Amino acid sequence: MGRAGSMTRLPFWKTKTLDQMTRKEWESLCDGCAKCCIVKFEDEETGALAYTNLHCKLLDGSTCQCSDYRNRKKYVPDCVKLTPESVAAVDWLPDSCAYRLVQDGKDLPDWHHLVCGDRNRIHEEGHSVRGRTISEEDISEEDQEDYIIDWEGSPP
């Protein structure tokens, strides 16, 4: 028999929908994988996506952090600001994305910092793009398609 009042409180991502979260909760869901910052090409005829091993010019590839997150749209106009609506609409978020997982009613992986308490575990276990990409600024625009690689359907 359990003790009265000993109920375990569920974490916010299990009790709230994406649009019910506070800004702080929303921002904390990001695991810092930087997979959404990978340069992608879309086939105009088929709509198929091709991923590269290039990252956005604002991404610090060694930390997987945006160098100017607050002003990113100013410098990268096509940067997609994730919202509950955009999470449901975009098809390029990786299967491991916490926003997508919560949207789909799934659990966060054990390496997610909200679960394990360690923001570096994602990198240590190889679930981020840390050390796997180079800046798009280092490659001429006409040569960027040469950097398409097979991430097995989506970034690692």
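Helices (H or I, at least four residues) and strands (E, at least two) are DSSP runs, numbered from the N terminus. Keep that in mind for the first stop: select Cys64, in the loop between strand E3 (59-60) and strand E4 (65-66). Cys64 isn't a glycine, yet its phi is positive, about 60 degrees. Cys64 is also buried, at 6% relative accessibility, where buried means under 20% relative accessible area, exposed over 50% and partly exposed in between (1.4 Å probe, protein chains only).

A word on what you're looking at. This is a predicted model, where local features need pLDDT of at least 70, side-chain atom pairs count only at pLDDT 80 or more, and totals for chains, interfaces and linings use all residues. Residues are numbered from 1 along each chain as its sequence is written, and side-chain values use heavy atoms, leaving out hydrogens and water.

Now colour by pLDDT, the predictor's confidence in each residue, from 0 to 100. The protein chain has a mean of 91, with 92% of its residues at 70 or more.

Next, pick Ala34, in the loop between helix H2 (23-29) and E1. Ala34 counts as buried because its relative accessibility is 6%.

Last stop: Asp43, in the loop between strand E1 (38-42) and strand E2 (49-55). With a relative accessible area of 36%, Asp43 is partly exposed.
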